[in-house]
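Me: I have a model open and want to learn how to read it. Can we go through it feature by feature?

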Amino acid sequence: MPTLRTALSAAALSTIAAASLAACSSSSDAPTPGESPLTFTQAIEPLVQEKCQSCHRAGGVAPFPLVTYEDVKGMGAISKLKVQSREMPPWGAFDDAACTVNHDFRDDLTLTDEQIDLFARWVDEGMPLGDPSKRPPARTFGATGLVDKTATYQLPAPYAVAPGKDDIRCFPIDPGFAEDTWIGGSNVVPGDPRVVHHVIVYVDPKQQGVEKAGDAGSYPCFGGPDVEEPSLLLAWAPGVPPTTYGDATGLKIPKGSHLVMQVHYHPSNETTTDQTSIELKELPYKPGYVAQVILAGNAERAEGFLKLLPGPNDPPSGPAFLIPPNAKGHTESMELTIPEKIGDITVPELGVYAVGAHMHWAGVDMKIEVERKAPSDAQPAKECLLGTPKYDFNWQRAYQYDAPLDQLPTVGPGDKVRFTCTYDNTMDNRHVARAVSELRMSSPPEIRLGETTLDEMCLGVLVTVRRANLLD
Ligand code: HEC
């Protein structure tokens with residue numbers, strides 16, 4: 001069975017093969033003068049259907065459609081630039097010399113180098129339409145959202161989003177969970193998709209968000225929800241499909257917990273209101289597998305089971321999380337050794353279902369690698385789980401492996417998980433340049449670990465799955 005990704009790239013390859021065959025055809029069947037072989041109907045329309053229309057269509061999350069020839073031609077020049085810089089489609093994870101991921105990712109939006117080249121050449125050649133009878137059938141999209149949801153929790157009141165700066169706010173929500181609740185799927189529905197840029201939903205077991213929010217109903221929270229013992233339920237960015245674990249796996253929310261919805265507002269030019277909601281599929285039974293989101297990283301010290309490793313620009317006193325002003329390609333790395341036991345409990349082997357990276361504006365790449373204590377044929381001694389050479393704070397998401405539960409990469413007791421974060425703290429980094437100007441500084445400051453705009457983080461997200469046992 002070909003995987004989704006190989007099937008998709010096989011389809012794309014045949015498009016390219018068809019296009020280049022036409023380009024190299026012998027003189028006997030050469031295109032008549034004025035007729036270009038690289039056309040919208042045959043080469044470009046299938047590509048935008050596959051890689052752009054999940055967002056760029058009527059009712060999609062992107063601000064304009066890329067459906068008709070006129071749509072794509074009208075945005076052709078800028079699309080070429082965005083595609084070449086890999087800003088579009090927004091997908092931060094791909095392989096480079098330092099990291100090859102052994103598994104495909106589900107719903108992978110990446111364009112191959114050949115596809116980028118094809119799109120650019122089509123624009124350069126004047127964006128010819130081609131033979132309308134060769135158009136592929138229109139791509140259709142089914143229902144959006146979490147189709148089998150059992151509950152929806154909306155912000156209690158509309159929140160006013162003013163034009164101007166980015167606004168990152170936390171909204172506590174009481175889902176009224178009287179019992180431990182197992183979540184089999186989750187999704188975010190933005191209230192005003194023009195301004196909601198990404199949403200992270202945390203579990204707040206001690207119900208502390210409510211007090212922080214007070215009468216306002218929300219509080220600013222750039223780095224995280226600022227409550228004790230938070231855990232992560234869901235990370236969402238525009239165009240990311242709902243998270244679903246299947247019927248056998250659930251994520252546990254302890255009874256009485258509140259949720260805290262952290263919303264990143266990217267203001268538009270006008271004042272608007274937003275009332276985003278969360279869709280959940282609450283399982284009516286206890287599933288056989290437990291999903292658990294592990295957030296690991298942000299090490300400050302060179303000791304313990306999560307330790308900061310030596311790196312560039314460390315002071316004489318030893319490893320420090322410190323990014324000097326104007327440093328490019330600066331790395332901070334840290335290593336988590338999975339303990340054999342936590343208290344009396346023997347730590348089980350965990351399947352890694354999905355992975356994600358979290359840094360702030362200066363972050364440009366994060367690698368997550370595992371070094372296994374007990375490798376096997378299926379689980380090599382060293383494996384790169386994620387590389388994000390196109391990391392962008394605005395497009396944070398989790399990347400889900402396209403593999404059945406029993407073929408997921410694993411992390412287990414004694415394994416070492418290494419997080420390597422790369423930062424660009426120069427004015428060449430457009431996010432840093434914008435933050436520096438908003439903070440009325442003249443140049444980038446020294447950056448340390450922290451929660452505010454020009455602090456940094458190096459936090460890996462591992463969505464893990466394991467067999468449920470008596471303790472759950
Ligand atoms: C996952 C959703 C998604 C996919 C897939 C996607 N886009 Fe976008 N695109 C957006 C959103 C949302 C914006 C609005 C700008 C922003 O928020 O960054 C955007 C903006 C753009 C822009 C305008 C950028 C600007 O600065 O004005 C271009 C051009 C573009 N997309 C082209 C494409 C092309 C071409 C493809 C396919 C090859 C594609 N996009 C795939 C979501 C997507």
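## Reading the model, feature by feature

Reply: Start with Asn 298, which is partly exposed because its relative accessibility is 22%. Keep in mind that this is a predicted model.

Me: Where does Asn 298 sit?

Reply: Asn 298 is in the loop between strand E13 (289–297) and strand E14 (306–308). Check its backbone too. Its phi is near 50°, a positive value in a residue other than glycine.

Me: Which other residue has a positive phi although it is not a glycine?

Reply: Asn 313, with a phi of about 65°. Asn 313 lies in the loop between E14 and strand E15 (322–323). Its relative accessible area is 44%, so Asn 313 is partly exposed.

Me: Now the metal. Which residues coordinate the iron atom of the ligand?

Reply: Look for donor atoms around the metal. Here they include His 56, through NE2, and Met 88, through SD, at 2.0 to 2.3 Å. His 56 is in the loop between H2 and helix H3 (69–74), and Met 88 is in the loop between H4 and H5, so the pair ties together parts that are 32 residues apart in sequence.

Me: Why is the arrangement around the iron atom octahedral?

Reply: Count donors, then check angles. Six donors count as octahedral if opposite ones are over 155 degrees apart and all others between 65 and 115. The six donor atoms here subtend angles of 86 to 179°, so the arrangement is octahedral.

Me: Is His 56 buried or exposed?

Reply: The cut-off for buried is under 20% relative accessible area. His 56 has 9%, so it counts as buried. Met 88 has 28%, so it is partly exposed.

Me: What should I check in the backbone at Met 88?

Reply: Check omega. The peptide bond from Met 88 to Pro 89 is cis, with omega near -15°. Pro 89 is in the loop between helix H4 (76–84) and helix H5 (113–124).

Me: Next, helices. Which residue caps the N-terminal end of H2?

Reply: For a cap, look for a side chain that reaches a backbone nitrogen. Thr 39 does this for H2: a side-chain oxygen lies 3.3 Å from the backbone nitrogen of Gln 42. Thr 39 itself is in the loop between helix H1 (4–23) and helix H2 (40–51).

Me: What surrounds Thr 39?

Reply: Leaving out residues up to four places away in sequence, Thr 39 touches Ile 44, Trp 122, Pro 128, Leu 129 and Gly 130. Thr 39 is buried, with a relative accessible area of 5%.

Me: Why is H2 largely enclosed by the rest of the structure?

Reply: Count its buried residues. Nine of the twelve residues of H2 are buried, so the helix is largely enclosed. Among the buried ones are Phe 40, Ile 44, Glu 45, Leu 47 and Lys 51. An α-helix has 3.6 residues a turn, so residues three or four places apart point the same way.

Me: And strands? In what sense do E20 and E21 pair?

Reply: Strand E20 (residues 363–371) and E21 pair in the antiparallel sense, over five bridges. Ile 368 stands opposite Leu 386 in E21. Strand E21 (residues 382–387) is mostly covered, with five of its six residues buried.

Me: Last one. Where is Asp 344?

Reply: Asp 344 is in the loop between strand E17 (341–342) and strand E18 (345–346). Its relative accessibility is 74%, so Asp 344 counts as exposed. Asp 344 and Gly 164 are 180 residues apart in sequence, and 52 Å apart from C-alpha to C-alpha.

Definitions and conventions
Residues are numbered from 1 along each chain as its sequence is written. This is a predicted model: local features need pLDDT of at least 70, side-chain atom pairs count only at pLDDT 80 or more; totals for chains, interfaces and linings use all residues. Side-chain values use heavy atoms; hydrogens and water are left out. Helices (H or I, at least four residues) and strands (E, at least two) are DSSP runs, numbered from the N terminus. Buried means under 20% relative accessible area, exposed over 50%, partly exposed in between (1.4 Å probe, protein chains only). Contact means heavy atoms within 4.5 Å. Two strands pair if DSSP finds at least two bridges between them. A polar contact is a pair of N or O atoms within 3.5 Å; within protein, one must be able to donate a hydrogen and the other to accept it, and residues adjacent in sequence count only if both atoms are side-chain atoms. Donors are N, O and S atoms within 2.8 Å of the metal (3.2 Å for Na, K and Ca); water is not among the atoms, so sites may look incomplete. Four donors count as tetrahedral if all angles lie between 85 and 135 degrees; four count as square planar and six as octahedral if opposite donors are over 155 degrees apart and all others between 65 and 115; anything else is irregular.
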